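Have the sequence and the model open as you read.

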Amino acid sequence: MSVWNCSLRVNSVERIILKIPEKKRLMPESLKAALFDMDGVIVDNNDFHRKAWQLFLKRHGMELSDSDYNRRISGRVNSELMRMMFGQQLSEEEVIALGEEKEKMFRDLYEHHLRPLNGLRDFLKLLKKAGFKLAVGTSAPVSNMDFIIDGLGIRDMFDALVHQGMIERGKPDPQIYQLCMVKLGVEPHQSLVFEDSLAGIKAGVASGAKVIGVTTTHQSAELKETLFNISDYMDVQLESLFPQ
């Protein structure tokens with residue numbers, strides 16, 4: 001049976017740490033890095049992305065249902081999505097222009113709602129204190145990454161930031177998480193990925209990392225191949241990251 005046996009102070013916030021017997025631990029002892037998707041993982045903003053996509057496509061004479069957004073768009077990069085929506089004949093300049101048109105709509109919608117997922121700041125501090133290297137691996141363009149990471153004031157918490165413009169293949173291809181690992185100097189078995197999208201979870205698993213699902217976009221039962229799923233960073237399951 002698990003017992004509550006100690007507390008850890010982070011910025012004057014008392015946090016109770018759950019001691020989990022070794023046979024019940026969920027985390028490999030080899031973990032050295034935590035890799036975070038951004039949308040739906042650092043911030044709970046997918047409703048705003050969905051609305052921005054719907055408004056953007058309506059402007060261009062198309063419709064998008066909520067279910068199609070979750071199934072076809074969430075977690076994927078704009079360079080793939082714009083050609084999927086408008087045709088493979090698009091030039092790179094047209095792809096970039098359409099992508100930025102949509103992302104500006106998103107930033108305008110989300111600007112006054114920007115806040116981290118519950119418990120994120122303290123969780124990042126706990127990870128740093130425990131010696132983890134931290135990275136962001138997001139399908140978002142650099143403009144959105146800067147908007148969110150700098151808007152939250154958490155850039156200095158991360159050792160690497162990887163965005164859409166740094167990769168050739170989007171999720172579910174594992175390239176983005178593989179690049180994060182290279183930048184952190186860690187191996188797949190040393191890495192833990194936090195993801196909310198189906199494509200992102202597939203990317204994390206394909207990279208060789210362990211994956212924790214975040215249930216901001218999908219129900220827990222929909223998130224397969226994860227160690228476990230959390231709704232935010234106050235979940236006591238995360239205490240297994242911090243050996244006693």
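## Salt bridges

A salt bridge here is a side-chain nitrogen of Lys or Arg within 4 Å of a carboxyl oxygen of Asp or Glu. The model is predicted: local features need pLDDT of at least 70, side-chain atom pairs count only at pLDDT 80 or more, and totals for chains, interfaces and linings use all residues. Residues are numbered from 1 along each chain as its sequence is written, and side-chain values use heavy atoms, with hydrogens and water left out.

The whole structure holds 14 salt bridges. One of them pairs lysine 171 with glutamate 195, at 2.6 Å from N to O. This pair links distant parts of the chain, 24 residues apart: lysine 171 is in the loop between β5 and α7, and glutamate 195 is in strand β6 (residues 191-195). Helices (H or I, at least four residues) and strands (E, at least two) are DSSP runs, numbered from the N terminus. Salt bridges that share partners join Asp37, Lys171 and Glu195 into one network.

## The buried network

Aspartate 37 also bridges to lysine 171, and their closest N and O atoms are 3.0 Å apart. Aspartate 37 lies in the loop between β3 (33-36) and α1 (46-59), and lysine 171 in the loop between β5 (160-162) and α7 (175-184), so the pair ties together parts 134 residues apart in sequence.

Are these residues buried or exposed? Lysine 171 and glutamate 195 are both buried. Buried means under 20% relative accessible area, exposed over 50%, and partly exposed in between (1.4 Å probe, protein chains only). Lysine 171 has 1%. Aspartate 37, at 5%, is buried too.

A further salt bridge joins arginine 155 and aspartate 146, at 2.7 Å from N to O. Arginine 155 is partly exposed at 34%. Aspartate 146 is partly exposed at 29%.

## Cavity and pocket

Both terms rest on a 1 Å grid over the protein atoms alone: a cavity is a set of points where a 1.4 Å probe fits but cannot get out, and a pocket is an open set with protein on both sides within 12 Å along at least five of seven lines. Lining residues have an atom within 4 Å of a point. Grid points are joined across faces, edges and corners, and a volume is the space filled by probe spheres set on the points.

There are 2 cavities of 30 Å³ or more.

The largest pocket has a volume of about 240 Å³. Of its 17 lining residues, Asn78, Ser79, Val95, Ile96 and Gln164 are the closest to its centre. The elements giving two or more residues are α3 and α4. α4 gives the most, with 6 residues.

## Strand β7 and its partners

Strand β7 (residues 210-214) has 4 of its 5 residues buried, so the rest of the structure largely encloses it. Two strands pair if DSSP finds at least two bridges between them. β6 and β7 run parallel, joined by 4 bridges. Glutamate 195 has glycine 213 as its bridge partner in β7.

On the other pairing, 2 bridges join β7 to strand β8 (residues 229-230), and these strands run parallel. The bridge partner of valine 214 in β8 is isoleucine 230.
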